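Take a walk through this model with the coordinates open.

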Amino acid sequence: MLFLLLPLLAVLPGGGNADGLKEPVSFHVIRISSFNNHSWKRNLVSGYLGHLQTHTSDRNCSTIIFLWPWSRGNFSNEEWKELEMLLHICCVRFLEGMRRYSRELQFEYPFEIQVTGGCELHSGKFSGSFLRLAYQGSDFMSFQNNSWLPSPVAGNMAKRLCKVINQNQHQNDIIHSLLSDTCPRLILGLLDAGKAHLQRQVKPEAWLSRGLSPGPGRLQLVCHVSGFYPKPVWVMWMRGEQEQQGTQRGDILPNADGTWYLRATQEVAAGEAADLSCRVKHSSLEGQDIILYWGHHFSMNWIALIVLVSLVILIVLVLRFKKHCSYQDIL
């Protein structure tokens with residue numbers, strides 16, 4: 001039953017080193033296999049360094065796609081070709097196994113199998129690994145202490161599968177080696193090759209807007225922060241130097257260029273918004289926080305509107321003057 005696992009682990013190469021690694025950093029691979037019926041299937045394999053996607057594969061699992069120039073780490077082209085071949089073979093075996101065992105395992109079409117596995121380093125040293133398999137989004141079994149254990153919520157079906165897999169200890173030893181040795185070396189290789197990209201600092205841009213009205217006499221204030229990297233950021237609505245406990249932060253979402261976006265909202269009575277401000281802290285700002293004041297924001301909007309109207313009036317007057325001069329020339 002190793003066909004369930006190798007497609008996940010086949011994209012974990014090794015090699016490389018990195019200096020100055022202090023914070024926990026992880027690499028994990030996600031494989032999602034969808035089965036609509038006995039003959040229709042779809043595979044998605046993605047690799048992530050932390051929150052950044054670094055690898056994927058084509059639909060046939062025959063080609064590993066490198067999403068960044070440094071995603072190859074320190075591996076040679078020949079080594080990656082060998083991994084691609086292994087990935088493709090394992091995907092084929094996985095699909096054949098699903099067709100063969102789906103009825104025995106009581107998997108009813110349509111269904112999805114999700115596998116995720118990886119490891120984490122702290123201060124440059126291996127600190128742990130994980131490998132889990134889910135059926136239809138629910139925990140099914142996990143790899144712990146060199147063997148497979150069924151999820152408590154998966155029932156007898158998972159127990160039977162774990163019993164079969166654990167009969168081959170050699171396969172479990174291979175999995176353990178991939179997670180505890182190959183995966184950490186992959187992280188170090190990626191961090192070394194992608195150092196310039198991963199350590200870059202991109203300053204955020206911030207602006208304010210008004211959200212949907214939460215009710216009569218109340219306002220929803222929205223602070224938008226976008227284009228920042230790395231991901232950690234602090235955004236809070238303030239009254240003077242006092243943090244407003246009602247600040248609601250959304251999820252930090254990715255932009256297309258690899259930077260991040262976040263919005264923070266605050267609901268207040270209409271007459272209590274004037275002295276509020278949004279404060280943004282980020283490592284790229286080097287202690288120079290961004291502070292946007294709600295009252296100033298709308299004052300600037302009015303000034304911008306006045307300037308725009310003045311420009312329109314000026315353009316109209318100039319055009320009329322030119323038209324009048326042209327008429328005089330004709331006469």
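How many aromatic pairs does the count come to? In this predicted model, the count comes to 9 aromatic pairs. Tryptophan 68 and tryptophan 70 have ring centres 6.2 Å apart and planes at 15 degrees, so the pair is stacked. Planes under 30 degrees apart count as stacked. Tryptophan 68 is partly exposed, at 22% relative accessibility. Tryptophan 70 is buried, with a relative accessible area of 9%.

The charged end of arginine 200 sits over the ring of tyrosine 229, at 3.8 Å from the ring centre. Lysine 231 lies over the face of tryptophan 260. Its distance from that ring centre is 4.5 Å.

Next, charge against charge. Side chains of opposite charge can pair when their charged atoms come close. The structure holds 5 salt bridges. One of them joins arginine 185 to aspartate 181, with the closest N and O atoms 3.0 Å apart. Why do arginine 185 and aspartate 181 lie about one helical turn apart? Both are in helix α4, which covers residues 169-193, and they are 4 residues apart, so about one helical turn separates them. Arginine 185 is partly exposed, at 33% relative accessible area. Aspartate 181 is partly exposed too, at 36% relative accessibility.

Move on to arginine 279. The side chains of glutamate 241 and arginine 279 meet in a salt bridge, 3.3 Å from N to O. Glutamate 241 lies in the loop between β11 (234-239) and β12, while arginine 279 is in strand β16, so the pair ties together parts that are 38 residues apart in sequence. Glutamate 241 is exposed, at 66% relative accessibility. Arginine 279 is buried, with a relative accessible area of 18%.

Aspartate 289 is in the loop between β16 and β17, arginine 279 is in strand β16, and the two are 10 residues apart. Aspartate 289 is partly exposed, at 22% relative accessibility. Through shared partners, salt bridges join Glu241, Arg279, Lys281 and Asp289 into one network.

Now for the strands around these charges. Strands of a sheet pair through backbone hydrogen bonds, either parallel or antiparallel. Which order do the strands of the open sheet follow? The order is β12-β11-β16-β17, a sheet of 4 strands with antiparallel pairing. The edge strands are β12 (242-243) and β17 (290-293), and each pairs on one side only. Strand β16 covers residues 276-281 and pairs with β17 in the antiparallel sense over 4 bridges. Cysteine 278 stands opposite leucine 292 in β17.

Aspartate 289 lies in the loop between β16 and β17. Those four strands are the ones in the sheet order β12-β11-β16-β17.

Methods: Residues are numbered from 1 along each chain as its sequence is written. This is a predicted model: local features need pLDDT of at least 70, side-chain atom pairs count only at pLDDT 80 or more; totals for chains, interfaces and linings use all residues. Side-chain values use heavy atoms; hydrogens and water are left out. Two strands pair if DSSP finds at least two bridges between them. A salt bridge is a side-chain nitrogen of Lys or Arg within 4 Å of a carboxyl oxygen of Asp or Glu. Buried means under 20% relative accessible area, exposed over 50%, partly exposed in between (1.4 Å probe, protein chains only). Rings of Phe, Tyr and Trp (its six-membered ring) pair if their centres lie within 6.5 Å; planes under 30 degrees apart count as stacked, over 60 as edge-to-face and the rest as tilted. A charge sits over a ring if NZ of Lys or CZ of Arg is within 6 Å of the ring centre and within 35 degrees of the ring normal.
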